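Here is a short briefing on one protein model. Start with the structure, then read the points below.

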Amino acid sequence: MFPFSSRLAPPSRLPRPIPPFPGETTKSYLYRLAVANQLHPDDLHAHLTGTRHHVPITLDGLAAATGRSPHSLSHALPELRPGATPGTYPALPAHARRTICRRCAAHRGAFRFATIWRPVEVNICPSHPIWLGPPVRTHNGDQYDVGDLPEILHAQRRHYRLARRHGRQTAAEAFTEATHITTLWARHGFHHERRIPLIQALRGHRPFTSRLRSGDPITPLVTYPESVDLSRVLAMPHWRHPTVPTCDDLQQFRRDIHHHLGIRYYPQDSPYDPLFHWYQKHHGPHATQRFDNLPHDR
Ligand SMILES: [Zn+2]
């Protein structure tokens, strides 16, 4: 028997060497490859590595079994690129693991739950109006078609612009922070004017309450426009990396929130507001000493 992962000859070519999707996770591709060739995934792994021990597959082994060049495979499968650290999440900076668009999968006749690494700012399929962002499923488990929700489509365009303007990493960090804040707002029913029509569109009836319970699966979708708009404020260098704070900062911050989100934002009315916590975190505890005297005008 050969020692771990070493073999005298490369694995033989598989009868159905299906192509990977661009950016596909290695696990997803190996699963699809096994199914296409009517193999159990463990048997495919043994075929590729020459052992049933738990050893990683190699680019050369996969290239021999699929007839595809190591270069094209490593281009499509980020986790197998030279220098990639196994198990790192995400495999690429500012990327997230997402299920492939169901229409793209159908077009290729591929397994519909294939997963790929996508830039965080890509929440709608570039080819179809299918929501790919944080998992939101319809009642029958399908991905949402957002073609009839122009506010979501417009938000996706603003999200692309945000990543281009501030860089993918900063945009991803600001969006993560904004999503945390808008999720809490949704849970408590704050600033609900833009969410209500989206909840109604997704559920087919006007909601009885503007609150969404913790973990409600539609939250990432119905808060998306305000999450993107809030990200635009949180990504601004002036707010993200303040140099010399001034007495007028909080009022200006409030005006920026109003301008970009279209909400009346009065942090002095809600000192536990998650956005105000974000402001304090970036501007220091002295920020709390001024908000008591803020006027309610804009
Ligand atoms: Zn698609």
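**Helix pair and overall build**

Helix α6 (residues 150-166) and helix α10 (residues 224-234) have axes that come within 9 Å and cross at roughly 25°. Angles under 35 degrees count as roughly parallel, and α6 and α10 are therefore roughly parallel to each other. This is a predicted model.

**The α6–α10 contact**

- The crossing of α6 past α10 is left-handed.
- On the α6 side, the contact is made by E151, I152, A155, R158, H159 and L162.
- On the α10 side, Y224, P225, V228, S231 and R232 make the contact.
- Sorted by class, the contact of α6 with α10 has six nonpolar, two polar and three charged residues.
- An α-helix has 3.6 residues a turn, so residues three or four places apart point the same way.

**Helix α1**

- Which residues of helix α1 (residues 26-36) are buried? They are S28, Y29, L30, R32 and L33.
- The cover over the buried residues of α1 includes α2 (41-49) and β2 (115-119).

**Whole protein**

- The secondary structure comes to 13 helices and two strands.
- Of the 298 residues in the protein, 34% are buried.
- Take the contacts between residues at least 6 apart in sequence: 61% of them join residues at least 24 apart.

Technical notes: Residues numbered from 1 in each chain as written. Predicted model: local features only at pLDDT ≥ 70, side-chain atom pairs only at ≥ 80, totals over all residues. Axes fitted to C-alpha atoms, helices over the stretch in contact; angles between N-to-C directions. Helix = DSSP H or I, 4+ residues; strand = E, 2+ residues; numbered from the N terminus. Parallel < 35°, antiparallel > 145°, perpendicular 65-115°, else oblique. Left-handed = near helix turned anticlockwise from the far one by under 90°. Contact = placed C-beta atoms within 7 Å. Nonpolar A, V, L, I, M, F, W, Y, C, P; charged D, E, K, R; others polar. Buried ≥ 20, exposed ≤ 12 C-beta atoms within 10 Å, placed from the backbone.
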